[in-house]
Amino acid sequence: MNAHNKPNAPVLDSYWMPFTANRQFKAAPRLLAAAEGMHYTSVDGRTVLDGTAGLWCVNAGHGRRQIAAAVERQLSTMDFAPSFQMGHPIAFDFAERLAEIAPGPAGAKLDRVFFTGSGSESVDTALKMALAYQRSIGQGTRTRLIGRERGYHGVGFGGISVGGIVNNRRVFPQLPGSDHLRHTHDPAKNAFVKGQPEHGAELADDLERLVALHGAETIAACIVEPVAGSTGVLIPPKGYLERLRAICDKHGILLIFDEVITGFGRLGAAFATDYFGVTPDIVTTAKGLTNGAIPMGAVFASRKVHDALMHGPEGQIELFHGYTYSGHPAACAAGIATLDIYRDEGLMTRAAEIEGDWHEAMHSMKGLPHVIDIRTIGLIAGIELQSRDGAPGARAYDVFVDCFERGLLIRVTGDIIAFSPPLIAEKQHFGEIVSILADALKRVK
Ligand code: PMP
């Protein structure tokens, strides 16, 4: 099968696409060929405004030459070096740079950094760290991992076990003992709110319920996304994260924030940890770590967690875990260049400067056909549509296809449209997003 039936278009048969309805896609492919700044160019030469920073990752915008040059330089100096029992300076340099901006308050930053190859690997790494930590402090009965309904933590077996998306779970076995808090989405009380909703902090008490049910001595860690992204931008109610932190402290449970989306400036602070002023024990990241240019993830651990695993006999491996590509030299080069851009262009805090315009633009769509909720925080938005009778997700999917044809890339999950534009976005881009989306909403059945 040949995309667009044009002579130079790629054959589509062999590539089994991830999280994609392959047969539907291959019958009507959407193919991107180039990217620069805020825009993609499709294979048929159309300009498409990137409303989603790729997949929530291209925070500094596309085509950053500084990153390409750093990767090129590193690959031609040393392409690869073994990551176990051997090191290379650039991985240490990158970790030191990350430690400077690590999540958490001065003096208590989570400044011990473990490199992975993706968000899913970061999550599984964090869960394993938590289990190893508990064992190392004599709490080996703590093997249970708690996640949350509508959480997305990637696709490893750890991630789907604590994740709360039924389609990711129903075909696959999960880690024994994993359990879930309820999600915090309550449109009946919190519709059309800018920023954090007022109602729902008490949902954190679900963790107390699970402690009462299972016994604290069986629970190792609780993992949540500070703002759930992939399941439709669910923003924590005021006081919720604080309450979760307090319950974890009370019962010796580690708190993990999955910041794969919220890390690196998405909310207007380097991390959601800093934005909300609630410090977990472990933070997972990926995506914006390298501006999406090279696959990489990083897990930030507190000194408490790190140091507890450093007390065994000299020469013993402290955490039996790692990846061939942990700290890959080219990824580290991309990451350092990315941090330089974020710093030099003030991108970690730019969302805070432009979020007023962003919120206003997004909430201007209240009253358009099918719109039943709009949620915004930092440079993220979720616009929830009424489902078409008997076909959940179909209406938002039609809007997605229409927007793409008219030059706007959005993301849909169920009947929720999610936005996370690159942090270099200007007010005029917000206007374009609103105009294309509003037209699509007026047209869709
Ligand atoms: N955690 C969160 C919060 C995510 O949003 C994602 C990806 N959208 C992941 C984990 C998984 O990351 P990856 O796709 O890089 O494995």
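Welcome! On helix α9, the face turned away from the buried side carries the exposed residues R209, A212 and L213. That helix is one part of a predicted model, in which the protein chain has 16 helices and 15 strands.

**The chain as a whole**
- The C-alpha trace of the protein chain spans about 65 × 55 × 45 Å along its principal axes.
- The radius of gyration of the protein chain is 22 Å, which agrees with the value near 22 Å that a compact globule of 445 residues would have.
- Of the 445 residues in the protein chain, 49% count as buried.
- Among contacts in the protein chain with a separation of 6 or more, 71% are between residues 24 or more positions apart.

**Helix α9 and its two sides**
- Helix α9 covers residues 206-214, and its buried residues are D206, L207, L210 and V211.
- These four lie on the same side of α9, because they cover an arc of only 150° around the axis.
- What do the buried residues of α9 pack against? Their partners are the strands β5 (144-148), β6 (179-181) and β7 (219-224), together with helix α10 (240-251).
- The opposite face, turned away from the buried side, is where you will find R209, A212 and L213, which are exposed.
- After α9 comes G215, a residue with a positive phi near 95°.

**Strands and how they pair**
- If you look at H39, you will find L49 of β3 standing opposite.
- Another antiparallel pair is β11 (residues 371-377) with β12 (residues 380-385), joined by six bridges.
- V371 has L385 in β12 as its bridge partner.
- The hairpin of β11 and β12 has two residues between the strands, and G378 takes a positive phi near 50° in this hairpin.

**Around the ligand**
- There are 14 residues around the ligand, and S118, G119, S120, G154 and V260 come nearest.
- Which helix gives the largest share of the shell around the ligand? Helix α5 (residues 119-136) does, with three residues.
- Sorted by class, the shell holds five nonpolar, seven polar and two charged residues.

**Two loop residues to look at**
- Q85 is a residue other than glycine with a positive phi, near 60°.
- You can find Q85 in the loop between α3 (65-77) and α4 (89-101).
- Is Q85 buried or exposed? Q85 is exposed, because it has 6 other C-beta atoms within 10 Å, and a residue counts as exposed with 12 or fewer.
- F192 is not a glycine either, although it has a positive phi of about 55°.
- The loop between α8 (187-190) and α9 is the place of F192.
- F192 counts as partly exposed, because it has 14 C-beta neighbours inside 10 Å.

Note on methods. Residues are numbered from 1 along each chain as its sequence is written. This is a predicted model: local features need pLDDT of at least 70, side-chain atom pairs count only at pLDDT 80 or more; totals for chains, interfaces and linings use all residues. The radius of gyration is taken over C-alpha atoms; the globule rule is 2.2 Å times the number of residues to the power 0.38. A residue is buried if 20 or more other C-beta atoms lie within 10 Å of its own, exposed if 12 or fewer, and partly exposed in between; C-beta atoms are placed from the backbone. Two residues are in contact if their C-beta atoms, placed from the backbone, lie within 7 Å. A residue is near a molecule or strand if its C-beta atom, placed from the backbone, lies within 6 Å of it. Ala, Val, Leu, Ile, Met, Phe, Trp, Tyr, Cys and Pro count as nonpolar, Asp, Glu, Lys and Arg as charged, and the others, Gly among them, as polar. Two strands pair if DSSP finds at least two bridges between them. The arc is that of the directions from the helix axis to the C-beta atoms.
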